[in-house]
Amino acid sequence: IVEDATPQWENTLLEARARAADIPITWVPAQKNRVALAARMWWATWRPLAKEVVFSARVVAAHFRRLRYGRPQIDDARSVLIQLCDSATKHLNHTIPLMEAIGHRGLQGVVGGWNAASAVRKLRRHGLTAFEFEAWVPVGAIVGSWWRAWRSWRAARRRFAQFLPPRAEAPYEALLRPILWASIRSFHMGELPQRLRLDVACRAFFATHQPRAARLWTRVLPQAVTAFRAMPPEGGTLLFWQPGWAYNVPEPLRDYPVRADLIFALSREHTRVLVADGASPSQVVVAGLPWLEVMHRFARDYAKSASREHLGIPLTASPCVLFDPSSVARGYLSPVEQEWQVRTLLAVASRHPEMHLVVKPHPAHRPGALEAAVAEYSLPNVTYVRPTGPTYHALNAADVLVTKASTLAIEGMCLDVQTIVALFDREEGFKVYEDAVN
């Protein structure tokens with residue numbers, strides 16, 4: 001069992017089951033420095049509280065920016081609201097073409113950012129209309145959200161005492177209780193207060209503004225559901241949705257809390273998938289890939305040699321391989337699978353000094369075993385690009401991309417980068433690119 005800094009409930013259950021069945025256990029530390037590992041485990045416990053401090057500070061900072069720059073003028077009769085909850089480059093690359101297309105139609109695109117201050121600033125520099133939802137949160141609501149979350153946490157503690165009482169025929173229920181309680185504690189510390197504040201912000205915004213149309217963050221995540229529930233039901237705002245890749249990955253959800261009056265499909269095949277998923281054919285319009293022009297513009301502006309120089313990769317390296325470790329998500333990619341992938345590629349790079357390996361984690365990646373493996377090999381022909389680093393330069397510099405299921409493969413096709421999809425456990429459902437990749 002890989003002993004990573006972030007506690008994994010799977011490890012706890014695996015250990016208990018192995019001991020019960022007399023299966024030998026070997027713990028492999030992800031980091032050799034035990035002090036550093038202990039520090040990281042302590043940080044994993046208190047990280048939710050630190051997140052809440054940061055999120056609360058963002059509300060105060062947003063109010064200072066509002067006092068300095070004011071609020072944008074919004075024409076409700078022409079406005080189309082775009083909710084943006086991440087400042088990652090790929091989300092901006094999807095949002096800017098959409099905003100420009102809305103403007104070409106004589107409408108006013110308006111981005112409402114939540115935890116996306118840097119994206120709001122970049123959009124304003126592009127001459128686009130954008131605001132921060134945090135600026136709609138009264139400062140007093142910060143303390144109010146803490147108070148309400150604390151009251152909810154106290155109620156959860158009282159009720160949790162009666163949850164899963166010990167039973168002789170269910171020995172693993174005793175393990176589930178502390179595992180679940182850790183998640184409940186994390187939710188109340190780092191998640192619930194900001195959801196409460198977003199609810200306050202959305203209700204304040206929609207009390208004074210009624211957009212003609214809106215595209216919320218997703219159809220299932222809490223940021224979008226919170227905004228949807230805060231919209232007046234009699235408002236008449238048209239809600240549209242712009243799904244991304246990969247649309248043919250089997251999803252566990254079929255009941256979407258956020259309705260969609262209009263859906264922009266990527267292709268005719270995508271339309272077929274949406275209709276099979278319950279959408280009406282009259283709801284769906286084929287709009288293509290929204291970020292295609294962004295990729296073509298990047299390819300025109302930067303040659304492969306320019307991207308390699310930008311990242312410090314030798315121009316003579318052949319081949320240059322970009323590894324996209326994706327982001328660990330239950331049901332999609334496990335921590336062990338991710339580590340096997342990177343160690344396999346590091347072993348290849350150690351035997352072939354003429355090649356160059358670039359490791360570029362997903363923006364949502366949490367450092368841990370992957371970084372430890374790169375540091376352990378410490379190869380001169382390996383470049384680690386931070387999660388928030390220049391993704392398109394890393395992709396443009398490569399001859400080959402190794403990934404599992406990512407929009408990077410689609411973007412690589414625009415830059416003539418061949419793709420190898422690594423499916424180690426014969427997951428047929430993840431063959432999302434069909435014959436376009438190896």
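1. Helix 13 is followed by S378, whose phi is positive, near 45 degrees. Helices (H or I, at least four residues) and strands (E, at least two) are DSSP runs numbered from the N terminus. The model is predicted: local features need pLDDT of at least 70 and side-chain atom pairs pLDDT 80 or more, whereas totals for chains, interfaces and linings use all residues. Residues are numbered from 1 along each chain as its sequence is written, and side-chain values use heavy atoms, without hydrogens and water.

2. Within helix 13 (residues 369-377), A369, L370, E371, A372, A373 and V374 are buried, meaning under 20% relative accessible area with a 1.4 Å probe, protein chains only. Their cover includes helix 12 (335-351), strand 11 (356-359) and strand 12 (382-384), where contact means heavy atoms within 4.5 Å.

3. Five strands form an open sheet in the order 12-11-10-13-14, with parallel pairing; two strands pair if DSSP finds at least two bridges between them. Strand 12 and strand 14 (418-421) are at the edges with a single partner strand each, so one side of each has no neighbour in the sheet. The twist from one strand to the next averages 20 degrees, with axes fitted to C-alpha atoms, for helices over the stretch in contact, and angles running from 0 to 180 degrees between N-to-C directions.

4. Strand 13 (residues 400-403) runs parallel to strand 14 and is joined to it by four bridges. L401 stands opposite T419 in strand 14. Helix 12 packs on the sheet, touching strand 10 (320-323), strand 11, strand 12 and strand 13, and its direction makes about 165 degrees with that of strand 10.

How values were computed
Buried means under 20% relative accessible area, exposed over 50%, partly exposed in between (1.4 Å probe, protein chains only).
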